[in-house]
Amino acid sequence: MQALFDEFPIILDAFWLTIRLTLASGLVALVLGTILAGMRVSPLPILRGIGTAYVNVLRNTPLTLVIVFCGLGLGLVLDVSFSESLSVNYLWLSIIGLSAYTAAFVCEAIRAGINTVPVGQAEAARAIGLTFGQNLRLIVLPQAFRAVIAPLGSILIALTKNTTIAAAIGVGEASLTMKTLFEAHGDAVIQIFAGFALGFLILTLPTGLLFGWLAKRMAVVR
């Protein structure tokens, strides 16, 4: 336990980075996933095709490959840079990878919610002159989001755990810090592991409870 107390500031910084990764990636993934869901239900075949291809490719690609591509492909080969600081640059590249990957799952969750909206409501909206975009924004999506609050919560929890993959390109989030502490305190591996496991539990358990409560509170009565 002494190792945990001695390294507590470092552990706290690592989990704070994990939280920042989760929140930033979650926000971008929500926006991108909503756009993709709109594309997948669009009346235009080309938009449906692009949305379907994106989702199928990203969902069937290991996240590690996505993160490594962002770190090496975008960062080194294409020289995409957000900051002169290497650590900050890789942080943003990790956010891109996590967002792109998670958006595919957000898209499918929202599309499932769209399918729960009665067809008659969309037809009524078209009858009064609303365009597809207006129909989606004003009628369909508000109901779809309420129907998929719980699945979106599960995706956010998965994203929190997936941030550990950012260690593959050297982002010093919780899992990479845990590995470093293992090497520095080989006699306290169990205590360090238990401490980090507890940290992730503290992050994910309240998230699940919050989204479960919101799902019941905001449920759409049919």
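User: In this predicted model, at roughly what angle do the axes of helix 8 and helix 10 cross?

Analyst: In the predicted model, the axes of helix 8 (residues 149–162) and helix 10 (residues 189–217) come within 8 Å. Angles over 145 degrees count as roughly antiparallel, so helix 8 is roughly antiparallel to helix 10. The crossing angle behind that description is roughly 170°.

User: How many nonpolar, polar and charged residues does the contact of helix 8 with helix 10 have?

Analyst: On the side of helix 8 the contact includes I149, L152 and T160, which meet residues of helix 10 including F200, T207 and L214. Divided by class, the contact of helix 8 with helix 10 comes to 10 nonpolar, 5 polar and no charged residues.

User: Is the crossing of helix 3 and helix 5 left-handed or right-handed?

Analyst: Helix 3 (residues 45–59) and helix 5 (residues 86–116) have axes that come within 9 Å and cross at roughly 120°, and the two helices are therefore oblique to each other. Among the residues making the contact are Y54 and R59 of helix 3 together with Y101, F105 and E108 of helix 5, and the contact residues divide into 9 nonpolar, no polar and 2 charged. As helix 3 passes helix 5, the crossing is left-handed.

How values were computed. Residues numbered from 1 in each chain as written. Predicted model: local features only at pLDDT ≥ 70, side-chain atom pairs only at ≥ 80, totals over all residues. Heavy atoms only, no water. Axes fitted to C-alpha atoms, helices over the stretch in contact; angles between N-to-C directions. Helix = DSSP H or I, 4+ residues; strand = E, 2+ residues; numbered from the N terminus. Parallel < 35°, antiparallel > 145°, perpendicular 65-115°, else oblique. Left-handed = near helix turned anticlockwise from the far one by under 90°. Contact = heavy atoms within 4.5 Å. Nonpolar A, V, L, I, M, F, W, Y, C, P; charged D, E, K, R; others polar.
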